[in-house]
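Hi there,

Here is the structure I promised to pass on.

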Amino acid sequence: MGGPFAPDFIEAVRASGDIVQVISDYVPLKRAGRRLKGLCPFHQEKTPSFSVDPESQLFYCFGCQTGGDIFKFVQLYDKLNFGEAVEALATRFGVPLPAVRQKGGDDRERVLEINGLAQSFFKKLLAADAGRGCRDYLAERGLDETTIERLGLGYAADDWEALRGHLVAKRARPADIVKAGLAMPRKSGSGEYDRFRDRLIFPIRDIQGRVVAFGGRALAADAQPKYINSPETPAYTKGNHLYGLDLAKEAIRREGFAIVVEGYMDLAALLQAGFDNVVASLGTAFTPAQARLLARYTTRVRVSYDGDAAGAQATARSLDMLLEQGFEVHVVELPGGTDPDDTIRDQGAAEYGRLVREAPEYLEFLVRRQIAEHGMADTRAKVAAVNAVLPHVAKLTNAIERMSWATRLADTLQIEDELVLQELKTALKTARSEVRQRPATSAEKLRDAEVRLVHLLMRSEDGRRRLVESIDETDLAATHIAPIVAVILDLTRRKERVDASSVLEQLSDKDAQLLTRILFRDEPQEGPTIEDCLATFQRDRIIREERQAIRELGRESKTDDASSDSEELDRRLMHVQQLARQRDALL
Ligand SMILES: [Zn+2]
C-alpha cells in the first residue's frame with residue numbers, strides 16, 4: 001500500500017475527515033448504540049447489516065463481511081485504487097495535494113516530457129521521405145489522414161540512433177532517454193541505441209492525452225517480434241492503461257457501452273469505420289486495473305477479440321474477472337478465425353455493427369460453444385454443458401441475476417428433467433456460498449481467545465508491552481491472527497502508533513478484513529487477560545505437537561523390522577511424555 005503519497009500526507013487526509021460523514025453521503029445511516037447502521041452498498045439486502053463505528057473510524061458489513069477504513073470504502077464504492085482514493089478524499093476535505101509526489105514524481109515528469117518530444121519526432125518522420133514505406137502500409141490497411149492524426153501515428157526510422165540523437169540535441173539526458181524506455185545501453189562499448197527501429201509507432205496515451213508509452217509494429221515482413229512496447233517506466237505500468245480510452249471516453253458515455261478489441265490495428269480499423277467507442281486491451285488478458293479504469297465510464301462491454309481468442313482460457317479468465325467486478329459482458333461473434341479488421345473489410349462496417357449489436361451475453365456465448373462442441377443429444381451432454389458454464393455463472397455478483405441464469409440455461413439446453421433442473425439450482429446456490437460466504441465460515445472458526453487477544457492488544461499500550469516481553473511467536477503460528485499480532489508487535493517494538501488504521505495499513509487485504517471483523521465483535525471489558533489468551537494458544541500448540549508425536553510413534557512401532565532402532569523409539573516416547581507433562585502444567 002502507500003502508493004504515490006507519503007505516510008504523513010495519508011495520515012493528514014485521514015485525520016481531516018470523519019468516516020460517518022463520508023459514508024452518509026452514499027448510504028443513509030441511523031444511530032444504533034455507539035455505532036451507525038444502514039443498508040450495505042456492497043450486497044443486496046432488505047435489513048441493515050452494514051455498520052459504521054465512529055470510534056475506530058471503520059466500517060463493516062455483517063452480511064457480506066466487507067470492511068475497512070475510510071480509504072477502503074471509497075476504493076470499493078468508487079472503484080478507485082488506493083492512491084486515487086487518497087487523492088479524492090484529500091480534494092474533498094480540502095487537504096492540499098503535495099506538489100511532488102513521493103515516488104518518482106520528477107522522473108515521471110521527465111519521462112512524459114521526453115515522450116512528448118519523441119512523439120513529435122515520430123510524426124514528422126512519418127510525413128517525411130523516410131516514412132514512405134510506412135505510409136504505404138497504412139494506405140494498404142485503409143487508414144486515412146484523419147484516423148492517422150487522431151491516433152497520432154508516427155514512424156521510427158530504420159536507424160540505430162536517429163531518435164536518441166534528436167532527443168540529445170533537444171538536451172535530454174541519455175540516462176533519462178533510457179529511463180523513458182526509448183533507448184537501451186549498448187551491450188559492448190558505451191552509448192545507447194534506439195529501441196524502436198523501422199516501425200509504425202502507436203503512442204499510448206493516458207486519459208488526459210499525455211503520451212505515457214509507445215507500441216511499435218514491425219514493417220519489414222520478416223522482422224521479429226511483430227510488435228514491441230515500451231517497458232515499464234516511471235510514467236507507465238503495464239496493464240494500467242486502455243489504448244484509445246482518451247479518444248473513446250465521450251463516445252462510450254454516449255453509446256452506453258465500450259467495444260473492447262485486442263490490438264492497435266483492430267482499434268484503428270474500427271475508428272476508421274466510424275466506431276468511436278472502442279478501446280484496446282493490448283492483449284487478451286484484461287486486467288483488474290483496466291476494468292476499474294473503464295468502470296469510470298461504463299460497466300457494459302462488448303468484447304470483440306479474434307474469432308478464436310474469444311474462447312481461449314486467458315480470455316475466459318479476464319471475462320470472469322469483469323463479471324466479478326459487476327460488468328455486463330457481451331461477446332461479439334466473428335465468423336471463424338477472423339478479426340474485427342477482416343470482418344469490416346470483407347463484409348463492411350454495417351455488418352460488423354450488426355454483429356456488435358446482436359452480440360450474445362458472455363454466458364449465452366459459452367453455452368452455445370458447449371452445444372457446438374458436444375451437442376445436446378442426451379441428458380449427459382446437457383449436464384456436461386451445464387457443468388462447463390457454471391463456474392462462470394458463479395462469478396456474477398448479483399444473486400438474482402445468477403438465479404435467473406438457472407432458468408435461461410434450462411431453456412437453452414431444453415432441460416425438462418426435473419432432477420437436472422434441481423441440481424442446477426442447487427449448484428447455483430452453492431456457487432454463491434463458495435464465492436461469498438467463505439469469510440463467514442472462517443469467522444465461525446475464529447477462537448474466542450483470538451478475538452479477545454486482538455481486542456486487548458488494540459486497547460492497551462500496557463498490554464502490548466507485556467506481550468512483547470512474554471510472547472513465544474511459535475505458539476501463534478497456527479492461528480488466524482498471527483499476521484495481525486506480528487504487525488502489532490512490530491509497531492510496538494518500533495515505538496510507533498498502534499491503532500486500527502496504522503495496523504490495517506500493514507496488512508494484506510484478507511488480514512485487514514479479518515481485523516475489521518474482529519474489531520466489530522463486541523468484546524466485554526472484563527474477561528480473560530492477555531496471559532490467559534497466550535496460555536490457550538500455547539496449550540493448543542502443545543496438544544498439536546503431542547498428537548503429532550503419538551502418530552509418529554505409532555508408525556515407528558508398526559515397522560518392527562530389525563532395522564527399527566529401539567533407542568530412537570525410546571527417544572520419541574520420552575518426547576511424548578514430556579509434552580504431556582507440559583500440557584498438564586498448563587491446565
Ligand atoms: Zn454487505
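Which residue forms a salt bridge with E351? The partner is R354, and the closest N and O atoms of the two are 2.9 Å apart. By salt bridge I mean a side-chain nitrogen of Lys or Arg within 4 Å of a carboxyl oxygen of Asp or Glu.

Before the rest, a word on the source: this is a predicted model, where local features need pLDDT of at least 70 and side-chain atom pairs count only at pLDDT 80 or more, while totals for chains, interfaces and linings use all residues. Residues are numbered from 1 along each chain as its sequence is written, and side-chain values use heavy atoms, leaving out hydrogens and water.

**Salt bridges**

E351 and R354 sit 3 residues apart, about one turn, in helix α15 (residues 349–357). Helices (H or I, at least four residues) and strands (E, at least two) are DSSP runs, numbered from the N terminus. An α-helix has 3.6 residues a turn, so residues three or four places apart point the same way. E351 is partly exposed at 22% relative accessible area, and R354 is partly exposed at 31%. Here buried means under 20% relative accessible area, exposed over 50%, and partly exposed in between (1.4 Å probe, protein chains only).

D475 and R541 also form a salt bridge, with their closest N and O atoms 2.4 Å apart. This pair links distant parts of the chain, 66 residues apart: D475 is in the loop between α22 (461–470) and α23 (482–493), and R541 is in helix α26 (residues 530–558). D475 is buried at 8% relative accessibility, and R541 is buried at 14%.

Shared partners join the salt bridges of E11, R14, D69, R497, D499 and E505 into one network. The count for the model is 41 salt bridges.

**An enclosed helix**

Helix α12 (residues 288–295) is largely enclosed by the rest of the structure, because 6 of its 8 residues are buried. Those buried residues are A289, Q290, A291, L293, L294 and A295.

**The sheet**

There is an open sheet of 5 strands in the order β1-β2-β3-β4-β5, with antiparallel pairing. Two strands pair if DSSP finds at least two bridges between them. Its edge strands, β1 (30–32) and β5 (67–68), each pair on one side only. β1 and β2 (residues 35–38) run antiparallel and are joined by 3 bridges; R31 has L36 in β2 as its bridge partner.

Best wishes
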